Amino acid sequence: MSYCTKSCPALLPEGSNYCHCTDCHLTFSGESSFDKHRRGSDGYTTSRHCLSPQEAGLVPYDKSIGIVYGKPRMTQETREKLFR
Ligand SMILES: [Zn+2]
Ligand SMILES: [Zn+2]
């Protein structure tokens with residue numbers, strides 16, 4: 001376990017897939033969810049910044065380490081739209 005910064009209480013279990021953002025100090029369920037909330041990293045814009053989880057389409061999950069943002073689980077309705 002290691003802390004992000006002295007002022008940030010986020011505990012990051014080692015060897016997990018969780019990605020903690022050192023800018024907005026939110027924890028994400030994995031690299032792909034983390035990437036979704038970062039903007040400006042495509043080489044076309046100069047400043048990297050964070051989107052709110054809502055803007056990035058991520059939802060909070062209550063995990064043992066705290067709130068972790070991840071992709072919403074597919075609902076039956078979404079599934080049907082995708083695989084129709
Ligand atoms: Zn961030
Ligand atoms: Zn942090």
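Pro 60 sits in strand β7. Strands here are DSSP runs of E of at least two residues, helices are runs of H or I of at least four, and both are numbered from the N terminus. The model is a predicted one: local features need pLDDT of at least 70, side-chain atom pairs count only at pLDDT 80 or more, and totals for chains, interfaces and linings use all residues. Residues are numbered from 1 along each chain as its sequence is written.

**Around Pro 60**

Pro 60 counts as partly exposed because it has 14 C-beta neighbours inside 10 Å. The scale is as follows: buried means 20 or more other C-beta atoms within 10 Å of the residue's own, exposed means 12 or fewer, and partly exposed lies in between, with C-beta atoms placed from the backbone. Pro 60 touches Pro 53, Ile 67 and Tyr 69, not counting residues up to four places away in sequence. A contact requires C-beta atoms, placed from the backbone, within 7 Å. Ser 29 is 31 residues from Pro 60 in sequence. Their C-alpha atoms are 9.5 Å apart in space.

**Overall layout**

The chain holds two helices and eight strands. From the N terminus, the elements run β-β-β-β-α-β-β-β-β-α. Of its 84 residues, 14% count as buried. Among contacts between residues at least 6 apart in sequence, 29% join residues at least 24 apart.

**The four-stranded sheet**

Four strands form an open sheet in the order β3-β4-β8-β7, with mixed pairing. β3 (19-20) and β7 (59-63) are at the edges with a single partner strand each, so one side of each has no neighbour in the sheet. Strands are paired if DSSP finds at least two bridges between them.

β3 and β4 (residues 27-28) are antiparallel, with two bridges. In this pair, Cys 19 stands opposite Phe 28. β4 and β8 run parallel, also joined by two bridges. Here Thr 27 has Val 68 of β8 as its bridge partner. Five bridges join β7 to β8 (residues 66-70), and these strands run antiparallel. Val 59 stands opposite Gly 70 in β8, and Lys 63 has Gly 66 as its bridge partner. β7 and β8 form a hairpin with two residues between them.

**Core and Val 68**

Which residues make up the largest nonpolar core? Tyr 18, Leu 26, Phe 28, Phe 34, Ala 56, Leu 58, Val 68 and Tyr 69 do, eight residues in all. Such a core is a set of buried Ala, Val, Leu, Ile, Met, Phe, Trp, Tyr and Cys residues joined through C-beta atoms within 7 Å. In soluble globular proteins, nonpolar side chains tend to be buried together.

Val 68 belongs to this core. Leaving aside neighbours within four places in sequence, Val 68 is in contact with Tyr 18, Thr 27, Phe 28, Ser 29, Tyr 61 and Lys 63.

Ala 10 lies in strand β2 (residues 8-12). Beyond four places in sequence, Ala 10 touches Cys 4, His 20, His 25 and Thr 27. His 25 is in the loop between β3 and β4. His 25 has a positive phi of about 60° although it is not a glycine. Most residues other than glycine have a negative phi.

Gly 30 lies in the loop between β4 and α1 (31-37). Leaving aside neighbours within four places in sequence, Gly 30 is in contact with Asn 17 and Cys 19.

Why do Ala 10, His 25 and Gly 30 count as partly exposed? Their neighbour counts place them there: Ala 10 has 18 C-beta neighbours inside 10 Å, His 25 has 14 other C-beta atoms within 10 Å, and Gly 30 has 14 other C-beta atoms within 10 Å.

| Pair | Separation in sequence | C-alpha to C-alpha |
|---|---|---|
| Ala 10 and His 25 | 15 residues | 7.7 Å |
| Gly 30 and Cys 19 | 11 residues | 5.5 Å |
| Pro 60 and Ser 29 | 31 residues | 9.5 Å |

Note on methods. Chains are lettered from A and ligands numbered from 1 in the order in which they are written. Two residues are in contact if their C-beta atoms, placed from the backbone, lie within 7 Å.
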